Each structure stands twice: as structure tokens, then as C-alpha cells.
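Here's a quick briefing to read with the structure open beside you. Have a look at the model first, then work through the notes below.

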Amino acid sequence: MTTCSRCQKARAISYTTFEAYCETCSLDVALTLLSAYRLSDKAIAALVTAGWDIPITTVQHYTATDIALELGVSAQKVGKTANAHGIKCEKYGEWRLDQAANSRKQIETFHYNDQGKRTIAKIIRGND
């Protein structure tokens, strides 16, 4: 029986290359790692519903789909416009972990802040 390399007390249930963790320490390590990532609003809501106390972002952010619906274009056009004009940067929003639409895969998606949304709208409306 392997003991937890963190608390040195309980039986280990999860293992990394160099460490072994009990259930409590595994959860602590997982939450510490999760706090380093920006989660989508859906992911945060799911964790909060499950009983995890995670701070929620207060600044409004928008997905490419949100912006596309407002402008009457496709989300792909929003993304291509953002890429072409270098809008996917810290000034205009943030990268977050999200779940892919048609699979269980986790992906990074860009969420636009108000300035990013206005800039995209200005570019797309100027092109029409």
C-alpha cells in the first residue's frame, strides 16, 4: 500500500510520475491546477453547482457565437476577422478552457471583452 506523498497519512489513489496522492490531496491539487486556468462560464457554473467555491469573473465576455448572432454573420466569420486583424489578444479578451461542441474534448476558446466586441463589429459592419 502506497501512502500519500503530500500528507503522508492516507492510502494513495492517484499517481503522477513522481507523486502519489490520497483522495483529499488529489482534490486539493486538482483545484489548485484549475485555479490557474480561466474556465468558461458553463464550467464554472457546473463546478459551483457541484459544491465548489470558485470565484466568478465579473467582467462581461462574449463568444464568437454571441457576437455573430448580434451581427447576423457566422461565428467562423467573427473568428476569421479576429485572426486577420490580430484581435485575439489580452487587450480584447481572454483565452478560456471550454468543451468542444460535438465531443468531450477540452479546447481553448477566445472570449471577447466589450472592446473586442466593438472592434469586431466595427470591422465587419465596415466590410458589408
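A pocket here is an open set of grid points where a 1.4 Å probe fits, with protein on both sides within 12 Å along at least five of seven lines, and its lining residues have an atom within 4 Å of a point. Keep in mind that this is a predicted model. With that in hand, let's start with the largest pocket, which is lined by 24 residues.

**The largest pocket**

- Its volume comes to about 560 Å³.
- Thr63, Thr65, Asp98, Thr109 and His111 are the lining residues that lie nearest the centre of the largest pocket.
- Strand β4 gives the most to the lining, with six residues.
- At least two lining residues each come from α2 (41–49), α3, α4, β3 (93–99) and β4.

**The nonpolar core**

- The largest nonpolar core has 15 residues, and the ones touching the most other members are Ile67, Leu71, Val78, Ile87, Tyr112 and Ile120.
- This core draws at least two residues from each of α3 (64–71), α4, β4 (106–112) and α5 (114–127).
- Nonpolar side chains tend to be buried together in soluble globular proteins.
- Leaving out residues up to four places away in sequence, Ile87 touches Ala82, Tyr92, Phe110, Tyr112, Thr119, Ile120 and Ile123.

- Thr81 sits in helix α4 (residues 75–84), and its relative accessible area of 9% makes it buried, because the cut-off is under 20%.
- Beyond residues up to four places away in sequence, Thr81 touches Ile123 and Ile124.
- Ile13 is in the segment before β1 (14–15).
- At 47% relative accessible area, Ile13 is partly exposed.
- Setting aside neighbours within four places in sequence, Ile13 is in contact with Tyr21, Cys22, Glu23 and Ser26.
- Ile13 and Ser26 are 13 residues apart in sequence, and their C-alpha atoms are 8.2 Å apart in space.

**The cysteines**

- How many disulfides does the model have? The count is zero.
- Cys25 is in no disulfide either, and its nearest cysteine sulfur, that of Cys22, is 3.6 Å away.
- Cys4 is buried, with a relative accessible area of 0%, and Cys25 also counts as buried at 7%.

Methods: Residues numbered from 1 in each chain as written. Predicted model: local features only at pLDDT ≥ 70, side-chain atom pairs only at ≥ 80, totals over all residues. Heavy atoms only, no water. Helix = DSSP H or I, 4+ residues; strand = E, 2+ residues; numbered from the N terminus. Buried < 20%, exposed > 50% of the residue type's maximum accessible area, 1.4 Å probe, protein only. Contact = heavy atoms within 4.5 Å. Core = buried A, V, L, I, M, F, W, Y, C linked by side-chain atoms within 4.5 Å. 1 Å grid on protein atoms, 1.4 Å probe; cavity = no way out; pocket = protein on both sides within 12 Å on 5 of 7 lines; lining within 4 Å. Points joined across faces, edges and corners; volume = space filled by probe spheres on them. Disulfide = S-S within 2.5 Å.
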